[in-house]
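Me: I'm new to this one. Can you walk me through it?

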Amino acid sequence: MSTPGVFEVLQQLVQEHPTTTTLGVGTVLNVEDAKNATNVGAKFLMSPAMVKDIMVDAQCGEVLYIPGVMTPTEILSACDSGAKIVKVYPVSALGGSRYISALKRTFHHISMVASQGITIDSVREYITQEASAVVLSDAIFDKEAISQNNFNEICRLAHFAALQGNEALECKKRCTLN
């Protein structure tokens with residue numbers, strides 16, 4: 001939501017890739033922004049905390065809402081309110097992948113997205129510690145690359161991050177089969 005013209009960019013991307021890409025919006029803090037994002041085609045919304053009014057609206061629609069949580073109480077509260085997945089934020093300040101691992105011991109049935117301070121090099125660690133996904137905004141959208149309009153570098157970073165995630169998933173499968 002902090003990107004200037006985010007709704008226009010999202011709408012253009014949805015029009016260009018109507019069936020091949022699932023797009024969403026992060027740092028959604030209120031219902032108005034959530035509705036604007038879904039009106040232009042967002043399929044998921046993320047917040048740094050649980051915004052109950054967004055949760056209520058999302059349950060009635062086809063948009064996945066991923067509320068932010070920090071504590072076990074917040075995880076349970078979000079799930080009791082209808083969250084299908086939660087965003088653990090700010091995970092690096094809470095202990096990183098070790099915190100995800102500790103939470104998953106109790107909440108093994110709840111999908112968790114690790115968010116904040118994650119580097120591309122740590123993707124494998126988070127996935128093997130049971131994070132369902134990671135948020136890599138700062139790692140992929142490198143400020144220098146953006147200021148230079150170096151979209152090739154941004155694509156390279158995104159591709160490398162995807163490779164790291166895929167390798168971690170393959171590793172988890174092999175370990176589960178053994």
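Predicted model: local features only at pLDDT ≥ 70, side-chain atom pairs only at ≥ 80, totals over all residues.

Me: OK. How many helices and strands does the protein have?

Reply: There are 10 helices and 7 strands. The radius of gyration is 17 Å, close to the 16 Å from the globule rule for 178 residues, so the protein is as compact as a globular protein of that length.

Me: What does the C-alpha trace span along its principal axes?

Reply: About 45 × 40 × 30 Å.

Me: And what share of the residues count as buried?

Reply: Of the 178 residues, 35% do. The accessible surface comes to about 10500 Å², and carbon and sulfur atoms hold 54% of it.

Me: How many charged side chains, positive and negative?

Reply: The protein has 14 positive and 18 negative side chains. The centres of those two sets lie 9 Å apart.

Me: Now the inside. How many residues are in the largest nonpolar core?

Reply: It has 44 residues. Leu45 and Val88 have the most contacts inside it. Helix 10 gives the most to this core, with 4 residues.

Me: What else is buried in helix 6?

Reply: Ser97, Ser101 and Lys104 are buried there too.

Me: What covers those buried residues of helix 6?

Reply: The cover includes helix 4 (72–80), strand 5, helix 5, strand 6 (111–115) and helix 7.

Me: Switching topic. Where is the cis peptide bond?

Reply: It joins Tyr89 and Pro90, with omega about -5 degrees. Pro90 sits in the loop between strand 5 (85–88) and helix 5 (91–94). In general, most peptide bonds are trans.

Me: Which residues have a positive phi although they are not glycine?

Reply: Glu130 is one of them, with a phi of about 85 degrees. Asn149 is another, at about 55 degrees. Most residues other than glycine have a negative phi.

Me: Where are Glu130 and Asn149 found?

Reply: Both are in loops. Glu130 lies between helix 7 (123–128) and strand 7 (133–135). Asn149 lies between helix 9 (143–147) and helix 10 (151–177).

Me: Is Asn149 buried or exposed?

Reply: Asn149 counts as exposed, at 53% relative accessibility; the cut-off is over 50%. Glu130 has 37%, so it is partly exposed.

Me: What is Ser81 in contact with?

Reply: Met50, Met55 and Gln59, leaving aside neighbours within four places in sequence.

Me: And how many Å is Ser81 from Leu157?

Reply: They are 36 Å apart in space, C-alpha to C-alpha, and 76 residues apart in sequence.

Conventions: Residues numbered from 1 in each chain as written. Heavy atoms only, no water. Helix = DSSP H or I, 4+ residues; strand = E, 2+ residues; numbered from the N terminus. Rg over C-alpha atoms; globule rule 2.2 N^0.38 Å. Buried < 20%, exposed > 50% of the residue type's maximum accessible area, 1.4 Å probe, protein only. Areas by Shrake-Rupley, 256 points an atom, 1.4 Å probe, with all protein chains shown as cover. Lys, Arg positive; Asp, Glu negative; His and termini not counted. Charge placed at Lys NZ, Arg CZ, Asp CG, Glu CD. Core = buried A, V, L, I, M, F, W, Y, C linked by side-chain atoms within 4.5 Å. Contact = heavy atoms within 4.5 Å.
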